[in-house]
Amino acid sequence: MENDVLLIPVTEELLPAIVAIENDSFSDPWSETSLRECSENERMIFLAAARGDDVLGFGLLGVAADESEVLDIAVSPAARGCGIGKTLLGALLDGAKQRGAAACYLEVRESNAPAIGLYTGFGFRPVGRRKNYYQKPREDAIVMALTLDTEDTHADLSD
């Protein structure tokens, strides 16, 4: 990722750009209301990747007790392939560890090969399947899990 891109907490002012990226990225996107509620929830880590005033992507992770869940990661179509998703995921996992999470889970569309590649690169492994979890189109979700520890769990961010 280029070094002029910063990770910043999502604020009310960033929500319109976050909603636009969400709508560009998913066939069944989260609503603005849901995203706003996440930005106000202290159990969430909600980060935006920004260059100047431009939001290029975002990541959202929830933490409860000693578990965490990656809830949403999206990068604007024009910024994909630049390492932004990898940087966001690494920061989310670091935040989960700092909050005491020992494990992280996520669901991903079984056809989303780029996301599955990102997650497996961080050490996530398939642990289950949720039948017909996604709508528009209907598709199974692969449930993936990662054990978090004090070691650096994420992939090398330099490539």
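**Strand pairing and helix packing**

Reply: In strand 3, Gly62 is the residue opposite Met44. The model is predicted, so local features require pLDDT of at least 70 and side-chain atom pairs pLDDT 80 or more, while totals for chains, interfaces and linings use all residues. Residues are numbered from 1 along each chain as its sequence is written, and side-chain values use heavy atoms, without hydrogens or water.

Me: What makes strand 2 and strand 3 a pair?

Reply: Pairing requires at least two DSSP bridges between two strands. Strand 2 and strand 3 (residues 54-64) are joined by 8 bridges and run antiparallel; they therefore count as paired. They form a hairpin with 2 residues between them, and Gly52 in the turn has a positive phi of about 60°.

Me: Why is strand 2 called largely enclosed?

Reply: Buried means under 20% relative accessible area (1.4 Å probe, protein chains only). Of the 8 residues of strand 2 (residues 44-51), 7 are buried, so the rest of the structure largely encloses this strand.

Me: Why are helix 1 and helix 2 called oblique?

Reply: The axes of helix 1 (residues 15-25) and helix 2 (residues 32-39) come within 10 Å and cross at roughly 125°. Angles under 35 degrees count as roughly parallel, over 145 as roughly antiparallel, 65 to 115 as roughly perpendicular and the rest as oblique; the two helices are therefore oblique to each other. Their contact (heavy atoms within 4.5 Å) involves Leu15, Ile18, Val19 and Glu22 of helix 1 with Glu32, Leu35, Arg36 and Ser39 of helix 2.

Notes
Axes fitted to C-alpha atoms, helices over the stretch in contact; angles between N-to-C directions. Helix = DSSP H or I, 4+ residues; strand = E, 2+ residues; numbered from the N terminus. Buried < 20%, exposed > 50% of the residue type's maximum accessible area, 1.4 Å probe, protein only.
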